[in-house]
Amino acid sequence: DYTSDWHWVTIPEGKTYQQSDKNSHGDIIETINRLVAELKTKKLDAKKEAEYLKMLIHLIGDIHQPLHVGLGNDRGGNDIKVTWFGEASNLHRLWDSDMIDATRLSYTELAESLERPDAQSISAWQKSNVFDWATESVGYRDRVYKYGNGKLGYKYSYQNFHIVRHRLLQAGIRMAGILNQIYG
């Protein structure tokens, strides 16, 4: 439970992270920066290093999902009840897993189906920082919240799944860049 606040950050509309109120228990941005700094010291025992790496991988994925950079009034979409092909869900879970699971692809198949970026895009994505990633997620929120009457299926997926795919790709490439910084 002590890590729950590390999985999100609130950035109200029209504000930057720097202008936003900070959670005294930490947030996703602070935690990613802290974990990278700790891992770069190369002073962690094997157990702690493995724990930090698992958390870092998880959080880099999370910050690329727009609802982990929330408005602060709906718990990152968890309070917004929707149906997904007639099944009860919430907006957060829809973006975390429902749209991905609906493809019925294995994680390997999904990864292999992603369009490979050119070297210039890879370089630019890996030069960006956690503040940039959060700002990108904020930029997708308007689209995320266009859920109409909450009865979602093919149309919502058609309008948004390309964002999920793009953010998964960015997260993976950025994770590779961070690992190269730490271990390269």
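Colleague: Partly exposed is whatever falls between buried, under 20% relative accessible area, and exposed, over 50%. Where does asparagine 129 land on that scale?

Modeller: This is a predicted model, to begin with. Asparagine 129 has a relative accessible area of 34%, which means that it counts as partly exposed.

Colleague: OK, on to H1. How many residues does it have, and how far does it reach?

Modeller: Helix H1 covers residues 28-41, so 14 residues. From first C-alpha to last it reaches 20 Å, close to the 20 Å expected at 1.5 Å a residue.

Colleague: What sits at its start?

Modeller: Aspartate 27 does something there: one of its side-chain oxygens comes to within 2.9 Å of the backbone nitrogen of isoleucine 29. Just after H1, lysine 42 has a positive phi of about 60 degrees.

Colleague: Which residues of H1 are buried?

Modeller: Ile28, Ile29, Thr31, Ile32, Leu35, Val36 and Leu39. Their cover includes strand E1 (9-10) and the helices H2 (46-63), H6 (130-144) and H7 (154-183).

Colleague: You mention H6. At what angle do H1 and H6 cross?

Modeller: Roughly 150 degrees, with the axes coming within 10 Å. That is why H1 counts as roughly antiparallel to H6, the cut-off being over 145 degrees. The crossing of the two helices is right-handed.

Colleague: And which residues meet there?

Modeller: From H1, Ile29, Ile32 and Asn33; from H6, Val130, Phe131, Trp133 and Ala134.

Colleague: Now H3 and H7. How are they arranged?

Modeller: Helix H3 (residues 91-102) packs on H7 at about 80 degrees, and the axes are 10 Å apart. The two are therefore roughly perpendicular. On the H3 side the residues that meet H7 are Leu91, Leu94, Trp95, Met99 and Ile100. Their partners in H7 include Tyr156, Asn160, Phe161 and Leu168.

Colleague: Asn160, then: buried or exposed?

Modeller: Buried, because its relative accessible area is 2%. Leaving out neighbours within four places in sequence, asparagine 160 is in contact with Trp95, Met99 and Arg143. Its C-alpha is 40 Å from that of leucine 44, which is 116 residues away along the chain.

Colleague: What is phi at phenylalanine 85?

Modeller: Near 50 degrees, a positive value in a residue other than glycine. Phenylalanine 85 is in the loop between strand E3 (81-84) and E4, and at 39% relative accessibility it is partly exposed.

Colleague: And what about phi at arginine 104?

Modeller: Phi there is also positive, near 60 degrees, again in a residue other than glycine. Arginine 104 is in the loop between H3 and helix H4 (107-113).

Colleague: Is that arginine 104 side of things buried or exposed?

Modeller: Arginine 104 is exposed, with a relative accessible area of 77%.

Notes: Residues are numbered from 1 along each chain as its sequence is written. This is a predicted model: local features need pLDDT of at least 70, side-chain atom pairs count only at pLDDT 80 or more; totals for chains, interfaces and linings use all residues. Side-chain values use heavy atoms; hydrogens and water are left out. Helices (H or I, at least four residues) and strands (E, at least two) are DSSP runs, numbered from the N terminus. The expected span of a helix is 1.5 Å times one less than its number of residues. Buried means under 20% relative accessible area, exposed over 50%, partly exposed in between (1.4 Å probe, protein chains only). Contact means heavy atoms within 4.5 Å. A polar contact is a pair of N or O atoms within 3.5 Å; within protein, one must be able to donate a hydrogen and the other to accept it, and residues adjacent in sequence count only if both atoms are side-chain atoms. Axes are lines fitted to C-alpha atoms, for helices over the stretch in contact, and angles run from 0 to 180 degrees between N-to-C directions. Angles under 35 degrees count as roughly parallel, over 145 as roughly antiparallel, 65 to 115 as roughly perpendicular and the rest as oblique. A crossing is left-handed if the near helix is turned anticlockwise from the far one by less than a right angle, and right-handed if clockwise.
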